[in-house]
Amino acid sequence: MLGFLKEPVVVTAKINVSLVALTVMGLINRLWGLCYPRAVVFDEVYYGQFVSLYMKRIFFVDDSGPPFGHMLLALGGYLGGFDGNFLWNRIGAEYSMNVPVWSLRLLPALAGAFCVPLAYQILVELHFSHCAALGAALLILLENSLITQSRFMLLESILIFFILLAVLSYLKFYNLQKHSAFSGSWWFWLLLTGVACSCAVGVKYMGLFTYMLLLATAGLHFWHMIGDQNLSNVSLLCHFLARGLALIIIPMGLYLSFFYVHLALLYRSGPHDQIMTSAFQASLEGGLARITQGQPLEVAYGSQITLRNVLGKPMQCWLHSHTNTYPIRYENGRGSSHQQQVTCYPFKDVNNWWIVKDPGMQQLVVSNPPRPVRHGHIVQLVHGITTRYLNTHDVAAPLSPHSQEVSCYIDYNISMPAQNLWRVEIVNRESDTDVWKTILSEVRFVHVNTSAVLKLSGASLPEWGYRQLEVVGEKLSKGYHQSMVWNVEEHRYGKSQEQKEREVELHSPTQMDISKNLSFMAKFTELQWKILTLKNEDTEHKYSSSALDWITMDTNIAYWLHPTSGAQIHLLGNVATWASANAAALVYLCLSLWYLLRRRRKIYDIPEDAWQLWVSAGGICGGGWAVNYLPFFLMEKTLFLYHYLPAVTFQILLIPVVLQHLSDHLCRSVLLKSMFSALTVAWFSSVYFVYCTFSPVTYGQPALSLPQLKALRWKDTWNILIRKQ
């Protein structure tokens with residue numbers, strides 16, 4: 001029974017020494033001197049703010065993309081014991097001792113280091129030689145721009161890592177397809193493809209480009225499988241469902257989980273939550289939640305409310321009035337009603353309070369029991385402090401002459417009667433009998449007499465309106481826009497009929513117990529929409545560039561400059577590598593067109609298996625470059641050189657593909673092959689020379705003298721920083 005103990009237990013393992021060596025070299029290359037400089041480098045000033053907010057659990061919105069990349073950076077800070085206390089306000093600012101610089105930069109550096117062995121394995125899985133794969137890995141290893149970008153608290157190296165991991169995983173899955181379908185390793189690589197794609201998209205939306213490429217590739221491969229008569233219908237269905245699960249369902253679920261963790265971590269109110277709806281703000285600890293906690297849920301006749309415009313643009317604001325009236329005549333000569341001004345005011349103020357009144361009754365207090373207001377009910381809105389009624393009539397608005405003026409009615413004993421009845425329409429109702437709810441209900445106010453809708457125009461009034469935002473009655477109200485939608489933010493049940501007592505009541509906080517928690521899906525939907533639609537004003541940056549500048553590297557970015565010496569760090573690519581990548585792409589395109597024309601004439605210059613290898617490598621490497629580069633020509637945003645790094649990574653992988661193809665199929669004699677090999681070695685030596693030449697501005701050390709810095713300005717368009725003597 002214990003016979004197996006008579007023999008020693010032996011474990012054998014196959015170790016790819018080349019892969020191990022490349023990994024070690026990548027780690028040394030990216031991790032060496034990682035804490036230098038101990039100062040804020042370029043966009044660390046941007047991402048560092050979010051890391052601090054994570055450490056303090058304060059909610060934020062970043063319109064640049066999903067939260068997964070930010071969470072990975074924050075994980076580095078958490079592992080290093082960062083407390084979040086640092087003022088990220090200036091590039092070049094020295095880090096205080098509480099900032100764990102090495103930990104914050106570690107994950108991007110590791111991601112950049114692992115891109116080196118990933119490049120090697122991708123070429124192997126594409127069925128190229130180990131020599132070609134080794135060349136691809138060394139080109140990634142010696143690429144100055146990738147080194148610079150991976151050594152700081154930035155996201156591009158993490159994005160590229162997940163992109164390459166997704167490509168490698170899919171290639172491994174595809175190569176197992178013929179002989180090991182539905183095996184454990186087959187499932188592992190298929191599932192890892194979906195996970196890596198989701199992570200890439202979760203870091204930056206640029207990851208979508210490679211995700212779409214892999215989905216298209218998987219679709220094309222499955223289309224070929226449909227024509228395979230050896231596969232039954234049941235088998236095809238299983239393959240389809242497996243791919244749908246791994247490449248669509250799981251990535252979507254994982255993407256949702258990023259937001260779930262993000263929202264679970266950031267539960268405290270902060271400056272960024274002001275752009276969110278009142279319901280979202282009320283779900284956060286502190287801030288609006290402290291004001292609205294315990295408010296009555298159902299709006300009733302006699303309720304005292306503040307009304308926030310849902311649009312939140314050009315800024316969040318509340319329906320407001322004050323004792324000042326519209327000018328009798330505007331600057332352009334048009335006349336007004338001279339009624340009390342109604343505006344939208346971007347600050348909390350007692351003049352933001354309104355009372356919901358039943359037109360058939362005089363009382364301004366909530367009855368016992370309260371009578372809730374429902375969808376379709378007619379109400380009057382009474383301004384709490386001045387007790388004048390919200391009104392609109394056929395008078396042009398001050399800045400929007402095609403819309404009606406909105407005012408609080410003053411009786412001047414002239415032929416302009418009050419028109420102050422409004423119909424409540426709950427936009428997000430589930431039925432026509434829905435009750436108007438605090439925070440949760442989004443409502444329109446439709447004027448009974450003219451059918452105009454209460455709307456924020458967004459225009460700023462002149463000095464006589466204190467630069468507050470114009471509110472109008474919009475006559476043309478087909479459908480609805482968020483500028484026409486309002487929600488109750490603060491709410492209390494009015495108890496005082498006398499005006500002086502009511503004014504005191506309007507200044508006091510509410511104390512009732514109603515919860516306003518939103519579901520995760522409601523918060524996710526709102527946050528996702530804000531990320532996609534909220535855009536900061538794009539301004540011209542000193543180091544911004546166009547997509548055309550990237551191919552020839554006519555631009556650079558100065559990341560850091562030492563305050564006293566000439567030491568500096570720049571985002572600059574390896575000129576020899578980038579020029580070779582462009583040449584490889586051009587050669588690939590020309591050869592592909594030549595082969596296609598010849599094959600059309602039934603002339604086959606290369607064997608069929610070599611042609612399939614050429615096409616598949618081009619689809620991954622050339623396609624990866626195209627999908628990660630061409631979309632930038634359609635984007636209206638400020639662009640920088642680092643946006644090109646995912647694309648150029650794929651283009652670099654194309655270099656050994658083209659070199660091996662030229663060696664195998666165009667150099668037919670031994671002499672030609674020897675000459676080609678010698679030229680390849682010489683070319684690679686030039687790549688290494690350029691890497692060494694620009695290493696001082698890649699790593700920031702050693703500091704260079706003035707003549708040395710001038711010697712690095714290989715192009716007039718490069719902005720190498722030279723101090724004036």
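1. The C-alpha centres of domain 1 and domain 2 lie 54 Å apart. Domain 1 comprises residues 27-261 together with 544-712, and domain 2 covers 294-509; these bounds come from an automatic or database domain assignment. The model is a predicted one, in which local features need pLDDT of at least 70 and side-chain atom pairs count only at pLDDT 80 or more, while totals for chains, interfaces and linings use all residues. Residues are numbered from 1 along each chain as its sequence is written, and side-chain values use heavy atoms, with hydrogens and water left out.

2. Overall dimensions and content. Along the principal axes, the C-alpha atoms of the protein chain fill a box of roughly 105 × 75 × 70 Å. The secondary structure comes to 20 helices and 14 strands; helices (H or I, at least four residues) and strands (E, at least two) are DSSP runs, numbered from the N terminus. Of the 725 residues in the chain, 54% are buried. Here buried means under 20% relative accessible area, exposed means over 50%, and partly exposed lies in between (1.4 Å probe, protein chains only).

3. Surface and contacts. The protein chain exposes about 33200 Å², of which carbon and sulfur atoms supply 62%; the areas come from the Shrake-Rupley method with a 1.4 Å probe, and for residues only the protein chains shown count as cover. Among contacts between residues at least 6 apart in sequence, 74% join residues at least 24 apart, a contact being heavy atoms within 4.5 Å.

4. Helix 7. Because 19 of the 25 residues are buried, helix 7 is largely enclosed by the rest of the structure. Just after helix 7, F182 takes a positive phi of about 65°.

5. The annotated MIR spans. In an unreviewed entry, UniProt lists residues 296-359, 370-427 and 431-491 under "domain: MIR". The positions are given in the numbering used here, feature names are shortened, and annotations may be inferred rather than shown by experiment. Residues 296-359 are 0% helix and 41% strand, with end C-alpha atoms 22 Å apart. For residues 370-427 the figures are 0% helix and 40% strand, and the end C-alpha atoms lie 23 Å apart.

6. Aromatic pairs. Rings of Phe, Tyr and Trp (its six-membered ring) pair if their centres lie within 6.5 Å; planes under 30 degrees apart count as stacked, over 60 as edge-to-face and the rest as tilted. By this rule the count comes to 49 aromatic pairs. One of them joins Y326 and W464 edge-to-face, at 6.0 Å centre to centre and 75° between the planes. Y326 lies in the loop between strand 2 (318-325) and strand 3 (340-345), and W464 in the loop between strand 10 (453-460) and strand 11 (469-474), so the pair ties together parts that are 138 residues apart in sequence. Both Y326 and W464 are buried.

7. The rings of F640 and Y642 are stacked, because their centres are 5.4 Å apart and their planes are at 10°. F640 counts as buried at 10% relative accessibility, and Y642 is buried at 8%. One aromatic cluster is formed by F209, W550, W578, W625, Y629, F632, F633 and Y644.

8. The surroundings of Y36. This residue is placed in the loop between helix 1 (17-31) and helix 2 (44-55), and it counts as partly exposed at 26% relative accessibility. Leaving aside neighbours within four places in sequence, Y36 has contacts that include R105, R151, F152, W560, H562 and Q701. The C-alpha atoms of Y36 and F694 are separated by 17 Å, although these residues are 658 residues apart along the chain.

9. Cis peptide bonds. Y36 and P37 are joined by a cis peptide bond, with omega about -5°. The peptide bond from Q701 to P702 is also cis, with omega near 0°, and P702 is placed in the loop between helix 19 (670-699) and helix 20 (706-711).

10. R57 has a positive phi of about 60°; R57 lies in the loop between helix 2 and helix 3 (68-79) and is partly exposed at 26% relative accessibility. H127 has a positive phi of about 70°. H127 is found in the loop between helix 4 (101-125) and helix 5 (130-141) and is exposed, with a relative accessible area of 55%.
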